[in-house]
Amino acid sequence: MPIREVNVNRQTISIKGRIIQKSSLQILKSGLRFFHLDIIDKDNDVIRVKFWRQKAEEYHNILQHGSVYILKCTGNDVVVSNTKFNDTSNPYEINFSDRCFVRKVENDDDSIGKAPKYVFSTVKDIREIPVPSIVDLIGIVRHFSPSTKVISRKNNDEVSRRTISVVDKTGFLINITLWGELAEVSDEKFLGNPVVALKSIQIREYQGRQGSTLNGRSNMEFSIDDGKMEELRDWYDSIGSSIKFESISNISSNESPNNFRVNDKLYSGRTLKDIRNRMEDNEFSSTQSFQVIARISKIGSINVNQQVSGDKGGSLTYDACPICKKKVLFSTSYCEKCDESVVPETKFLFPVTIEDHTCSLTVQCFHEIGSTFIKELSASACKEMEQNNDKKLNFILNLQCMWRHYNLKIQLKAEEYNNQKKTRAIIQSAEPIDLNQISYLMLESISQSILGKTNKRYLFEDNVNTNKRISVG
């Protein structure tokens, strides 16, 4: 039967299709294993099939990308697709269960397509769409950065990362961050400004519009059966290579995000007052991130003006489950989410007040950011000092951790409680700032600005004198 006829009301379902996308075997924080694959039939309709727990481990190495299979299941295995995690156009998806059966077709069926179905957006379109969104993109690789290794925040595993800048005929440029296997593609593939087709790229608001590949969902092709690739190649060779593109992302790919840049970091146009106004007005639907420069004026409930030691007002740490990272009961070390007793880990969790020249703002920070702010102490040492009412804790927080300047990425998350909208502000990243370097870069920027104005003045005077000579002549 055609994939388009799959729905929850069917008693028996049998489809024949090719696997055009297969995710890696993923593990959630709870330890649950799963993967998914997308199947296309001869009518170019696509449906997603998900495998969970033992089924995921059993079938992940058996099912092969590009092969044709016959899948049988029932209407009880069909569910409405969640568009947040499913970027296919099909309103349904299949959860593979014990009732399901899959068999490989030995003789390949050429009538079934071999490539994923693309619905391309332009870079100009991406500038206007609501975020977060998932799009397909085709364009020219204008720049690319080397592949580097970073530590994943999700599971502390080492993962590859690379950034490419993509342009198209609209005259705009966007940065796309490639992760995992896509980032490990050879540098030679990106040489010579190749045309690239990107499938299922997530667009977010972070220092402008940025794109990112999704684990197991995104795909990158340098050759597809589509006339748009040849059209883009001809356009770039004849016209596009000489165009100055307007970036919708603030950081160019040939610069590291950790490098301090005056124009983007200091004069990004965002202040704490701007963020506070956005929080009060609720001018966004889901999640937005902002980059600001600010300094710490308060950690937890301890103020720099307090002189009474031990007046902490609230703990800076908590006991976390090593599996799901949720808070556990200290007396029993029992994790309700995992439903088992665990050996807890001590983590930082506290509010911090930051300020700039416009106002102050209280935001929440978790363990990684807390370790950056209180780098003199580990979380376990901080907990021990709190329990012993150690006077040194106030000394460290008040005199060593306060008034440091950071380049902060703050995420605003809109939530609803009892039909009332509230906004949470969370620090996602914090980079210490070297004030000496800032001063040097600012002076350099001022010098370049003065030099530019001087050159313009001389050019203006030369033009005036030339016009006078022409008039006299």
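**Cavities, a surface patch and salt bridges**

L443 lies in helix 9, residues 435-472.

Q: Which helix holds L443, and what kind of model is this?
A: Helix 9, which spans residues 435-472, holds L443. The model is predicted.

Q: Is L443 buried or exposed?
A: L443 is exposed, because its relative accessible area is 56% and the cut-off for exposed is over 50%.

Q: What does L443 form together with I446 and I450?
A: L443, I446 and I450 form a nonpolar patch on the surface. Together they have about 300 Å² of accessible area.

Q: Switching to voids. How many cavities of 30 Å³ or more turn up?
A: A search of the whole structure finds two.

Q: What volume does the largest cavity have?
A: The volume of the largest cavity is about 60 Å³.

Q: Which residues line the largest cavity?
A: The lining is made of I19, L37, I39, V49, F51, L63, Y69, L71, F96 and V102.

Q: Which elements give two or more residues to the lining of the second largest pocket?
A: Those elements are strand 1 (12-22), strand 4, strand 10 (133-144) and strand 14 (195-205). Strand 10 gives the most, with three residues.

Q: What is the lining of the second largest pocket like by class?
A: The lining of this pocket has ten nonpolar, seven polar and eight charged residues.

Q: OK, charges. How many salt bridges does the structure hold?
A: The structure holds 18 salt bridges. One of them pairs E93 with K50, where the closest N and O atoms are 3.2 Å apart.

Q: Is E93 buried or exposed?
A: E93 counts as buried, because its relative accessibility is 5% and buried means under 20%. K50 is buried too, with a relative accessible area of 14%.

Q: What does K383 form a salt bridge with?
A: The partner of K383 is D319, and the closest N and O atoms are 2.8 Å apart. The pair links distant parts of the chain, with K383 in helix 7 (residues 379-387) and D319 in strand 20 (residues 317-320), 64 residues apart.

Q: Are K383 and D319 buried or exposed?
A: K383 is buried, and D319 is buried as well.

Q: What about K347 and E345, how do their side chains meet?
A: They meet in a salt bridge, at 3.6 Å from N to O. K347 counts as buried at 18% relative accessibility, whereas E345 is partly exposed with a relative accessible area of 29%.

Q: Which residues do salt bridges with shared partners join into one network?
A: R4, D43 and D45 are joined into one network in that way.

Methods:
Residues are numbered from 1 along each chain as its sequence is written. This is a predicted model: local features need pLDDT of at least 70, side-chain atom pairs count only at pLDDT 80 or more; totals for chains, interfaces and linings use all residues. Side-chain values use heavy atoms; hydrogens and water are left out. On a 1 Å grid over the protein atoms alone, a cavity is a set of points where a 1.4 Å probe fits but cannot get out, and a pocket is an open set with protein on both sides within 12 Å along at least five of seven lines; lining residues have an atom within 4 Å of a point. Grid points are joined across faces, edges and corners, and a volume is the space filled by probe spheres set on the points. Patches are made of residues with over 30% relative accessible area and no salt bridge: like charges are joined within 9 Å, nonpolar side chains (Val, Leu, Ile, Met, Phe, Trp, Tyr) within 5 Å. Accessible areas come from the Shrake-Rupley method with a 1.4 Å probe; for residues, only the protein chains shown count as cover. A salt bridge is a side-chain nitrogen of Lys or Arg within 4 Å of a carboxyl oxygen of Asp or Glu. Helices (H or I, at least four residues) and strands (E, at least two) are DSSP runs, numbered from the N terminus. Buried means under 20% relative accessible area, exposed over 50%, partly exposed in between (1.4 Å probe, protein chains only). Ala, Val, Leu, Ile, Met, Phe, Trp, Tyr, Cys and Pro count as nonpolar, Asp, Glu, Lys and Arg as charged, and the others, Gly among them, as polar.
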